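I opened this notebook to record what I looked up in one structure. The entries follow the order in which I worked.

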Amino acid sequence: MSRLLNRPALVWGALAALSLALYLLRGQLPALVTYPQSWVLSPTAPMNAAMSAFVAAFGPTFRFFGWLLEFPVSAAQMVLQALPWSVIAAFFVLLGMVASGWRLASFIAASLLYMAVIGYWEESMNTLAIVLISVPMALLLGFAVGVLGFYSDRARRVIMPTLDILQTVPAFAYLLPILILFGFGTTVGLVASVLYAFSPMVRNTILGLRAVPPQVIEAGLMSGATPAQLFWKVRVPGAQNQMLLGVNQTTMASLSMVIIAAIIGGTDDIGWEVISSMRKAQFGESLLAGFVIALMAMALDRTTFAFAKRDRFTTQEAAGPNLWVIGAGVLGALLLLSFVVPPLAQWPEPWVFYPADAMNEALRSFILTWREAIETIKNTAFFFVMLPIKIGLQQAVSPFTWGFAMTPALVAAYAALVAAGAIWAFVKSHHTLAAMLLLWGVVSYIGLTNMPWPALFAILVYTAYVTAGARLALGAAIGLGFLLLAGIWPQTVLSLYLCGVAVLICFVLGTGLGIWASESETVSAVLRPVMDTLQTMPVFVILIPFVMVFKIGEFTALLAVIAYAIVPAIRYTEHGLRNLPRDVTEAAEAIGTTRWQLLYKVKLPLALPAIMLGLNQTIIYGIGMLVIAALVGTNGLGQQIYIGLGDGDFGVGMTAGIGMAVIAMVADRITQAISRRKQEQYGLASEFI
Amino acid sequence: MPTNSKPTTDVKLSCRNVWKVYGKNPARFFDGTKGNLGDDAAAHAHAQEIRDSGHIVASANVSFDVHVGEIFVIMGLSGSGKSTMVRCLSRLVEPTAGEILLDGNNLLSADPKALIEFRRHKMGMVFQNFGLMPHLNVLDNVAFPLELQGIALKKRRAKAQEVINLVGLEGREASFPRQLSGGQQQRVGIARSLCVDPELWFLDEPFSALDPLIRRQMQDEFLRLQRDLNKSIVFITHDFLEALRIADRMAIMRDGHVVQIGRPVDLILNPADDYVRDFTNDVPWEMVLTAGDIADPARGFAPGMGRIGADTKLDLLLPYLAEHEAGVMVKDAEGRDLGAINARAVVKALATGMTDQAGIEP
Ligand SMILES: Nc1ncnc2c1ncn2[C@@H]1O[C@H](COP(=O)(O)OP(=O)(O)O)[C@@H](O)[C@H]1O
Ligand SMILES: [Mg+2]
């Protein structure tokens with residue numbers, strides 16, 4: 001059996017045959033094409049029952065805590081609202097000044113001014129208040145758990161996989177149980193954001209504490225440190241830089257979750273502005289509000305990152321305290337002044353500039369002008385790329401879409417073409433390639449959503465087997481089996497399809513751009529800020545421009561997913577190519593390779609592990625974005641989560657959330673395994689990755 | 001190189017049959033033996049037995065004494081167990097078996113509190129990669145041990161400043177470690193270890209990470225410091241020449257075992273085995289032999305002779321002898337004449353060394 005499994009050519013060929021056979025027999029054996037409803041053993045009812053029991057038992061406790069947690073948030077909101085805007089602005093500008101310098105300070109000043117001018121000051125402060133409360137909580141929790149994980153191996157063995165799950169289960173799925181337990185209110189956003197944001201702090205804490213050099217620890221011990229002194233005076237300061245990176249990541253995660261949590265509504269914050277105006281198709285409004293989020297994200301990111309990267313241990317102390325004194329003076333003076341000069345206390349209504357209507361008008365005329373082009377782009381992509389993958393050539397090709405029908409003659413020609421390709425590969429003794437070509441031909445003809453479930457199931461499990469081994473294959477089989485049993489296989493396939501197309505495009509396009517960027521400083525310099533922006537932007541905001549132009553639909557969702565998930569593909573490729581061991585590339589150059597030879601024969605193969613890691617990240621990002629994209633009209637697991645969220649149906653939402661986590665984890669392990677194998681094969685140290 | 005204050009014969013630190021075994025269950029090899037298995041052959045056999053069971057024997061049956069005011073060097077190739085040994089002495093590593101006596105008291109039975117007290121007041125240690133606190137500047141790095149003792153800021157900084165001057169770092173107090181060169185960083189490490197006025201000073205390859213020129217300079221300064229401080233020192237190195245230059249006595253380690261202990265000259269004249277002989281082979285003899293070693297009692301004082309201390313190394317004498325046909329009179333520490341030497345005697349002594357090494361039968 002295992003001898004057979006280790007001959008991929010045979011197995012892929014068999015899988016192609018199985019797919020085709022089951023498809024052809026769909027009339028006789030419908031249960032082996034579409035998973036029959038009567039075989040579904042839905043876990044939603046028991047899950048809901050369990051949740052109800054849990055709520056019945058502990059609901060009051062949670063609600064009490066929720067009620068308690070309201071206080072710090074409303075207190076922070078009150079303070080931020082009560083303080084004159086000028087004082088708050090000055091505070092953050094000064095912070096930027098201390099963290100990095102006048103450039104960041106002026107960026108922050110401009111961002112805050114934008115919030116005031118546009119009239120979203122209050123909403124912005126409400127969002128900021130939740131972030132300001134959730135970040136310290138997440139940091140504290142993350143630090144405590146990280147320290148536990150650092151000292152106890154046993155604890156770490158529990159913590160690490162839990163973090164994996166927390167980070168792969170889509171953020172939306174968190175909201176549901178929290179919503180059910182805590183009830184509506186700002187607490188949901190707070191709790192969700194703490195849960196979502198504490199894991200980077202855990203990872204960085206463990207990483208930082210472990211990286212303190214043993215000689216520094218020994219020096220501390222020999223200086224006569226007690227265990228407590230060793231921890232607080234040696235380990236923690238030694239891990240400080242890494243932990244500050246954790247602060248940066250936690251802050252960003254917190255903000256993005258606070259924005260996402262706005263979807264449950266009832267909050268008067270900036271996330272809600274975006275979502276509600278998007279739902280009302282008010283694009284000018286949503287873009288203006290989305291900009292606030294983007295600016296806030298960038299400012300928070302730059303500031304916390306600057307604090308993490310600031311070269312604390314080379315500057316002399318003397319300048320420090322003075323700056324703080326000056327800062328306090330400025331803030332105090334502004335506070336007093338704002339009593340006298342009202343515009344410093346509250347941004348005057350007449351000064352608000354809110355160009356939403358003009359923007360909507362501009363957009364309307366833009367779309368009117370370019371209607372043809374927009375429709376053409378959308379239809380071409382949809383009919384010739386997306387639809388064939390989704391429902392197969394047999395259905396996608398019709399007079400209405402392609403201009404002709406899939407006549408038996410055409411089918412025969414198609415079959416002949418695929419067969420010819422396979423035979424050619426076989427003759428060249430690329431046996432596996434031949435078999436995979438056959439499989440690819442069959443799947444393209446049938447279409448992902450029409451694939452007989454046993455065949456698709458087997459293909460996925462076998463992919464896991466050949467790339468990552470028997471254990472992952474078993475895990476994948478269990479996970480996918482759960483999805484079948486739970487009755488959400490069709491949605492899973494839809495998610496696979498959308499994500500698969502997006503990832504494919506990201507990979508091709510992103511790797512290409514990455515290669516280009518690695519060879520050209522100009523391209524690299526242009527791409528970097530664009531990618532930075534895309535990565536710091538909370539995911540909602542990315543949707544806005546695409547929805548504006550292409551309206552709601554699968555194509556829009558696809559574009560949004562691509563925009564978000566292409567970044568790691570570019571990044572890792574460029575990084576991998578730029579950081580190859582110098583001696584290898586120099587040796588190749590010394591032999592006399594041309595630039596292209598160097599790239600294709602030396603650099604690209606060596607950078608493959610890094611590129612595969614990029615693919616890994618692209619997949620994870622893609623799946624993460626999929627849920628958000630469901631907002632703009634896709635079917636699949638993402639939508640299922642919304643249904644759960646909308647109906648307060650824990651079972652439905654959670655099952656779909658688990659489904660996405662299963663896909664994410666299997667894809668993650670597969671790509672990691674490929675990367676690792678290549679890395680070992682080349683004997684590359686991981687520092688080059 | 002001459003030292004003013006010679007080591008006494010009082011034992012400061014004593015190490016008896018110390019073993020360190022890494023692995024699953026190392027303790028089971030030493031039920032009731034206290035690490036003492038009788039003779040050397042038995043220890044070797046036992047170590048082999050432990051290795052065969054899949055454990056790592058980092059140090060095996062190590063015994064030596066460190067006298068008050070002495071520089072005791074442990075020398076050996078990398079992986080021979082030197083660092084493990086010095087860490088056993090400070091209990092950064094718990095020995096698996098054996099005894100360590102500090103001023104006659106068993107260090108291994110000290111409880112954690114007492115151990116912290118020992119480290120705070122009796123021991124100082126210098127590390128190969130410096131082990132400086134990256135977040136503290138030079139002044140606070142040096143004052144760190146005092147900070148841990150809860151000594152007030154002003155007082156500890158004053159003390160730290162003193163030691164900083166001693167190691168020649170004045171002016172760099174406000175710098176952070178990463179702003180310093182390797183040599184300067186190690187000066188900080190040395191200052192920190194001296195800040196508490198320890199009686200015992202451990203140095204684990206303190207100069208191995210430095211460039212050769214700096215290394216030489218640091219060795220000289222180390223010896224100068226020791227002349228004033230008169231600590232009891234355990235100095236680790238893998239560099240035989242460094243050991244020769246610095247050691248009062250030295251131990252050579254191999255695979256966790258001590259192969260030979262003695263004064264450098266003893267090791268060179270009577271290497272215990274081929275392993276030791278491999279080190280001594282390319283030793284420049286004039287660096288090892290002292291005037292006292294070759295002074296000829298039969299030759300009395302003659303007019304025109306200078307006088308020289310018995311522990312002067314021959315390399316320092318060569319220029320003088322080249323100019324002074326009559327030679328020089330060697331005197332001991334009390335100023336008594338031991339006998340004279342001249343250029344011819346030196347050449348002969350050096351030649352004998354070479355002959356020995358060339359394996360020529362006399
Ligand atoms: N924590 C440890 N666990 C296992 N083996 C160790 C450990 N520390 C040292 N060793 C082993 O003990 C031996 C001696 O190491 P060490 O004392 O560092 O040698 P040296 O300082 O002479 O280079 C080496 O073989 C090393 O691999
Ligand atoms: Mg060592």
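I began with a term: a residue is called buried when its relative accessible area is under 20%. The model I consulted is predicted.

**Entry 1: one residue.** I located A:T536 in helix α23 of chain A, which covers residues 521–536. I then looked up which residues A:T536 touches, leaving aside its neighbours within four places in sequence. The contacts of A:T536 are A:M252, A:A297, A:M298 and A:D301. I also noted a separation of 32 Å between the C-alpha atoms of A:T536 and A:L335, which lie 201 residues apart along the chain.

**Entry 2: domains of chain A.** I looked up the domain assignment of chain A. It gives domain 1 as 16–44 + 372–392 + 447–682 and domain 2 as 88–345 + 355–365. The centres of domain 1 and domain 2 of chain A, taken over C-alpha atoms, are 29 Å apart. To the contact, domain 1 of chain A contributes 30 residues and domain 2 of chain A contributes 30 residues.

**Entry 3: nonpolar cores.** I next asked how many residues the largest nonpolar core has. I recorded 226 residues, and those with the most contacts inside this core are A:F172, A:L175 and B:F202. Helix α11 of chain A, residues 227–261, gives the most to the core, with 14 residues. At least three residues of the core come from each of domain 1 and domain 2 of chain A. Another core, of 65 residues, lies apart from the largest one, and B:I71, B:L146, B:V163 and B:W201 are among its members.

**Entry 4: cavities.** I asked how many cavities of 30 Å³ or more the structure holds. I recorded 6 such cavities. The largest cavity has a volume of about 80 Å³. Its lining includes A:A219, A:M222 and A:S223 from chain A, and B:R119, B:F127 and B:P145 from chain B. The elements that give two or more residues to this lining are α10 (214–222) of chain A, and β6 (123–126) and α6 (182–194) of chain B. I noted that β6(B) gives the most, with 3 residues. By type, the lining residues of the largest cavity divide into 7 nonpolar, 3 polar and 2 charged.

Technical notes. Residues are numbered from 1 along each chain as its sequence is written. Chains are lettered from A and ligands numbered from 1 in the order in which they are written. This is a predicted model: local features need pLDDT of at least 70, side-chain atom pairs count only at pLDDT 80 or more; totals for chains, interfaces and linings use all residues. Side-chain values use heavy atoms; hydrogens and water are left out. A nonpolar core is a set of buried Ala, Val, Leu, Ile, Met, Phe, Trp, Tyr and Cys residues joined through side-chain atoms within 4.5 Å. Buried means under 20% relative accessible area, exposed over 50%, partly exposed in between (1.4 Å probe, protein chains only). Helices (H or I, at least four residues) and strands (E, at least two) are DSSP runs, numbered from the N terminus. Domain bounds come from an automatic or database domain assignment. On a 1 Å grid over the protein atoms alone, a cavity is a set of points where a 1.4 Å probe fits but cannot get out, and a pocket is an open set with protein on both sides within 12 Å along at least five of seven lines; lining residues have an atom within 4 Å of a point. Grid points are joined across faces, edges and corners, and a volume is the space filled by probe spheres set on the points. Ala, Val, Leu, Ile, Met, Phe, Trp, Tyr, Cys and Pro count as nonpolar, Asp, Glu, Lys and Arg as charged, and the others, Gly among them, as polar. Contact means heavy atoms within 4.5 Å.
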